[in-house]
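Dear colleague,

Please find below the structure that I am handing over to you. My notes on what was found in it follow directly after.

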Amino acid sequence: MSANETAEQLPPSPGRVFAQAVALQGKNASVEFSHTITEAFPGFKRRPRIAVRGLFKVVKADSAKVKYWHEKPPEGPLAVSVEDVGLRPEAAFEFHTDLAVLKPTTAWIQVPPSLLDDPETLATFIDFRLLVRLCTAENQALARGRGGDRVRGILETPGVTRLPARSDPVSSLLAACDRVEQMGGSADGILVNPADYYRYFVGKGGLLADLTSMGVRIARARMVDPGQVIVGDFTAAATIFDSGRSSIRFAEAPAGIFPRQGLAVCGEIHEALVVHLPTHFYVASLV
């Protein structure tokens, strides 16, 4: 089978679908997708870099609200003695359920009017600019979103512990990994600012190879402040509930989105991040 034949069998990219809608509807174009388009960014096919969502397990949500479980340490002194709590702190955790509401994450671009009659260029512009900005917005939401009418991220989750720096950045990172496992989890994910990744971890002996061999996934994102790193059990301790719905449409951008007026396109996804075990995430200072 040739490369052209393989490409023809692939579903059209979000950018191509939107460009086709523009050809038919002009500036009234609006497209709904039955999948989350941040997973469809073409660059993921060749880039050795994962988005923040790639650290978490993702579950399809069939409604705007989902019930989930979570655990937390007791808020006061234990009323009774719990067996082996010194060895296994989670033995004293209390169990709860709650409802999570899926929230929108949006991103915007301005389309040069000359692209409206150039479907091929418009398609690549949507795929490589709007989807990139939407992936960035999702990275920000999952890492540091403040909640309210938007997604609440790990850094804003109550119960996530901050750790002071150790003697050096590598010791700080590995101490956080150890803390996750002392709580009964497995440190399977790291979220780090690229500045720290390249300054402290690349080329430092076999550190990255060791982490990779252990199945630890590392996401690099600006959404973690330099000098900090998030370490956690991303698989067992948190879940992205994903609506599987997305949209791309022409719309009027809110104030503060762009420095000047222009023809705007909005991309939007709907999801919620729930943290079942905040005790299994640590924000460690590196220095």
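What percentage of the 287 residues in the protein chain is made up of buried residues? Buried residues make up 46% of them, where buried means under 20% relative accessible area, exposed means over 50% and partly exposed lies in between, with a 1.4 Å probe and protein chains only.

Please note that this is a predicted model, in which local features need pLDDT of at least 70 and side-chain atom pairs count only at pLDDT 80 or more, while totals for chains, interfaces and linings use all residues. Residues are numbered from 1 along each chain as its sequence is written, and side-chain values use heavy atoms, with hydrogens and water left out.

**The chain as a whole**

The protein chain has six helices and 12 strands; helices (H or I, at least four residues) and strands (E, at least two) are DSSP runs, numbered from the N terminus. Its C-alpha atoms fill a box of roughly 70 × 45 × 45 Å along the principal axes. Of the contacts (heavy atoms within 4.5 Å) between residues at least 6 apart in sequence, 80% join residues at least 24 apart.

Two strands pair if DSSP finds at least two bridges between them. Strand β5 (residues 103-110) runs antiparallel to β11 and is joined to it by eight bridges; the partner of A107 there is G267. Strand β10 (residues 238-250) also pairs with β11 in the antiparallel sense, over 10 bridges, and A238 stands opposite V275.

**The open sheet**

Five strands form an open sheet in the order β6-β12-β9-β7-β8, with mixed pairing. β6 and β8 (217-220) stand at the edges with a single partner strand each, so one side of each has no neighbour in the sheet. From one strand to the next, the twist averages 20°. Within this sheet, β9 (residues 228-232) and β12 (residues 281-285) are antiparallel and share five bridges, with V229 partnered by A284 of β12.

The axes of α2 (residues 14-25) and α3 (residues 119-144) come within 7 Å and cross at roughly 135°; axes are lines fitted to C-alpha atoms, for helices over the stretch in contact, and angles run from 0 to 180 degrees between N-to-C directions. That angle makes α2 oblique to α3, since angles under 35 degrees count as roughly parallel, over 145 as roughly antiparallel, 65 to 115 as roughly perpendicular and the rest as oblique. Residues in the contact include F18, A19 and V22 of α2 and L122, I126 and L131 of α3.

**Two residues in one loop**

R146 is found in the loop between α3 and β6 (161-163), and T157 has its place in the loop between α3 and β6. Are these residues buried or exposed? R146 is exposed, with a relative accessible area of 75%, whereas T157 is buried at 7% relative accessibility. Not counting residues up to four places away in sequence, R146 touches V151, R152 and E156, and T157 touches R152, V275 and P278.
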